[in-house]
Amino acid sequence: MMNSNSAMLLLCCLVCMFIADSVESKQKVLKMSFPNFGYRKKPQNEKAIKTKKSSCEMHPDCLSKYSGSIEFTNCVRACMSPSCYDLIYSFDELEPGEVDVRYVSFKGCFTKERGGSDISMTDFKNGNLALRN
């Protein structure tokens, strides 16, 4: 039979283990894997993106969403380029509060598609994408 000091010590050890496990799990970084399209910020690219984005923001499907909401953002991106949206966002759509680390890749995909490249995925491993020419 345990005395009260032994029971208290055991309880403290269990609490410490729980706290340590909780802190360790919060420190794990999730690595998102998605196609990585290079993007160069050039005036003609920025203008094309801005023009298409403005047009899509006025699309009836997107206008039905609350401007500034994540649903609106997802709608506008899907309107800008359905194929790029499918490659980069469809498997894991943006969620409220999420920092969009994929937007630069989306802009790169949009620019390549606009330039006539076939953006069909032929080999996607660890964030690398091979494009068919």
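**View 1. Aromatic pairs in the predicted model.** A search of the whole structure finds 3 aromatic pairs. In one of them, the rings of Tyr103 and Phe106 have centres 6.2 Å apart and planes at 15°, so this pair is stacked. The model is predicted. Both Tyr103 and Phe106 sit in helix H6, 3 residues apart, about one turn of the helix. Tyr103 has 18% relative accessibility, so Tyr103 counts as buried. Phe106, at 0%, also counts as buried. Ring pairs link Tyr85, Tyr89, Tyr103 and Phe106 into a cluster.

**View 2. Helix H6, residues 103-114.** At 1.5 Å a residue, the 12 residues of H6 should span 16 Å, and the end C-alpha atoms are 16 Å apart, which agrees. Its buried residues include Ser105, Lys107, Gly108 and Phe110. Gly116 follows H6 and has a positive phi, near 100°.

**View 3. The disulfide of Cys56 and Cys79.** The structure holds 3 disulfides. Here the S to S distance is 2.2 Å. Cys56 lies in helix H2 and Cys79 in helix H4, so the pair ties together parts 23 residues apart in sequence. Cys56 is buried, at 0% relative accessible area. Cys79 is partly exposed, at 23%.

**View 4. The disulfide of Cys62 and Cys75.** The sulfur atoms are 2.1 Å apart. Cys62 is in helix H3 and Cys75 in helix H4, so parts 13 residues apart are tied together. Both Cys62 and Cys75 are buried.

**View 5. The disulfide of Cys84 and Cys109.** The sulfur atoms lie 2.0 Å apart. This pair links distant parts of the chain: Cys84 in helix H5 and Cys109 in helix H6, 25 residues apart. With -90° about the S-S bond, the link is left-handed. Cys84 and Cys109 are both buried.

How values were computed:
Residues numbered from 1 in each chain as written. Predicted model: local features only at pLDDT ≥ 70, side-chain atom pairs only at ≥ 80, totals over all residues. Heavy atoms only, no water. Helix = DSSP H or I, 4+ residues; strand = E, 2+ residues; numbered from the N terminus. Expected span 1.5 Å × (residues − 1). Buried < 20%, exposed > 50% of the residue type's maximum accessible area, 1.4 Å probe, protein only. Phe/Tyr/Trp six-rings, centres within 6.5 Å; stacked < 30°, edge-to-face > 60°. Disulfide = S-S within 2.5 Å.
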